[in-house]
Amino acid sequence: MSEDQILLKVEFGGGLELLFSNEKKHALTLPARVPADNSTSPAPSEKETKPLDIAYLIHWLRDHRLKERAELFMENDTVRPGILVLINDTDWELEGEGGYEIKDRDEIVFISTLHGG
Amino acid sequence: MPRLCALCSTQRPILKRPKTGQQICKDCFFYVFETEVHNTILEAKLFQPGDRVAIGASGGKDSTVLAHVMKTLNDRYDYGLELFLLSIDEGITGYRDDSLETVKQNQKEYNLPLKILSYNEFYGWTMDSIVEEVGRRNNCTFCGVFRRQALDRGAAMLGVDHIVTGHNADDVAETVLMNIMRGDIARLGRCTAICTQGEDTIKRSKPFKYTYEKEIVMYAYFKRLTYFSTECIYSPDAYRGHARSFLKMLEAARPSAIIDIIYSGEACEVGEEATKELKERKTCKRCGYIASNDLCKACTLLEGLERGMGNAGITDRGRKQLEASGPTPDGLRTIPFFQMNASTPTDATSSVTTSGQGSGARISPVVDVSAG
Ligand code: SF4
Ligand SMILES: [Zn+2]
Ligand SMILES: [Zn+2]
């Protein structure tokens, strides 16, 4: 694996997978450095960059994997309240939330608490 | 230095508790989650040894976790309860039929007897056919009224003393908010009660009253419990949906908001004046169930459906229109007669008989007790 790519696994649960073509598991390869403004379309190289983090991943998933109803996944530049995020089986609230810098082979899980009862 | 669990100071924390902000490890999380429910049960004196208790099971996260925790606590603390799973099949294609599969799986995992009661067998209507008749505006009113009565009757058939449901702290807080917004003062205090019991209804309680939804979902995740998480296809309750999003926004800003709202609801002393609004209880002339008019809500709704005036049962005005449009025709489909606590648990099913009223009472409740 080259130094400038990061391999990661993403999993959706709690009904959230329905927004992502009903696929629970996604294996991704993303650049280690990404645009600081979280824009996910191919960007001019002079753009300011930052290490790949959860905030960028959320934008990337919305732009490249989400199939419908983006408002059920994102709100105000982050996940919608009521969606839990786990980073390697730890609550993202303990890991710096959106600012967590993703490492090679990390596993990120998104679970909706809003579906069903 | 690595962070350590706030409770045991030895393991790595995996969760930040919304209620307290504490960072705790997986083992401590399971322990405090279960123990808090246990304490809630003890403080409210919910059970007596020997009680027969039905868990209202939908296959969703809350009732799946509730079944797991009830079974765990009953074994760990020797409650001496006889537990059952009770499910209602509303007849919603592609939704309830799938979630009932989850319930059947739970039944095997926990080795609990399961009974499924369907709207179709009981009322002669499925939610699919009701929506076809009344459209998608008031369907949840029908569903809620029918479910409530079906659960009570299912419980009577099982001969249980008590139904526990998976309503969690978020659900209770949401209901408090909605009652405030409606100005429904009488319900405001009552909706926070952990246990509701009229003289003639089966006791119902919410052991998860103080349990955050976030922790229920985390518990299911870390215990690898499988649950069903698809939205009902007829779920149109936009108002409730907004109340929920609002609550989740408050929680994001200050996690204690949920428990604070519940405390506020509890603190609302309901004066005589406000409670008077709630009508006094009667017994339904047609089916024997509790009612505030001559007919219970379910019989009124059912008569509206049967007479092709689907929405007549929804409002008082609609009910009067129904009454004004002539007497109830003969041969109308009705609900079997209901007698509470009329028999011993062993012949519980015989306590539900076919109503003599209305010769067209061809629906008899069907029991699907698959003992584990
Ligand atoms: S959303 Fe409405 S119709 Fe669907 S199960 Fe709930 S109450 Fe019934
Ligand atoms: Zn610990
Ligand atoms: Zn009735």
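This tour visits a zinc site in chain B and then a sheet in chain A. The model is predicted, with local features requiring pLDDT of at least 70, side-chain atom pairs counting only at pLDDT 80 or more, and totals for chains, interfaces and linings using all residues. Residues are numbered from 1 along each chain as written, chains are lettered from A and ligands numbered from 1 in the order written, and side-chain values use heavy atoms, leaving out hydrogens and water.

Select the zinc ion (ligand 3) first. The SG atoms of Cys284(B), Cys287(B), Cys296(B) and Cys299(B) coordinate the ion at 2.2 to 2.3 Å (donors are N, O and S atoms within 2.8 Å of the metal, or 3.2 Å for Na, K and Ca). The site is tetrahedral, with angles of 107 to 115° among its 4 donor atoms (four donors qualify if all angles lie between 85 and 135 degrees). Along the chain, the donors follow the spacing C-x2-C-x8-C-x2-C.

Next, select Cys284(B) and Cys296(B). Cys284(B) is buried at 3% relative accessibility, and Cys296(B) is buried at 0% (buried means under 20% relative accessible area, with a 1.4 Å probe and protein chains only).

Move to chain A and display the open sheet of 5 strands, ordered β2-β1-β9-β7-β8 with mixed pairing (strands are DSSP E runs of at least two residues, and two strands pair if DSSP finds at least two bridges between them). Its edge strands are β2 (25-31) and β8 (90-91) of chain A. Now select β1 (residues 5-13) and β9 (residues 106-112) of chain A, which pair in the parallel sense over 6 bridges. Finish at Val10(A), which stands opposite Ile108(A) in β9(A).

Notes: Tetrahedral: all angles 85-135°; square planar, octahedral: opposite > 155°, others 65-115°. Buried < 20%, exposed > 50% of the residue type's maximum accessible area, 1.4 Å probe, protein only. Helix = DSSP H or I, 4+ residues; strand = E, 2+ residues; numbered from the N terminus.
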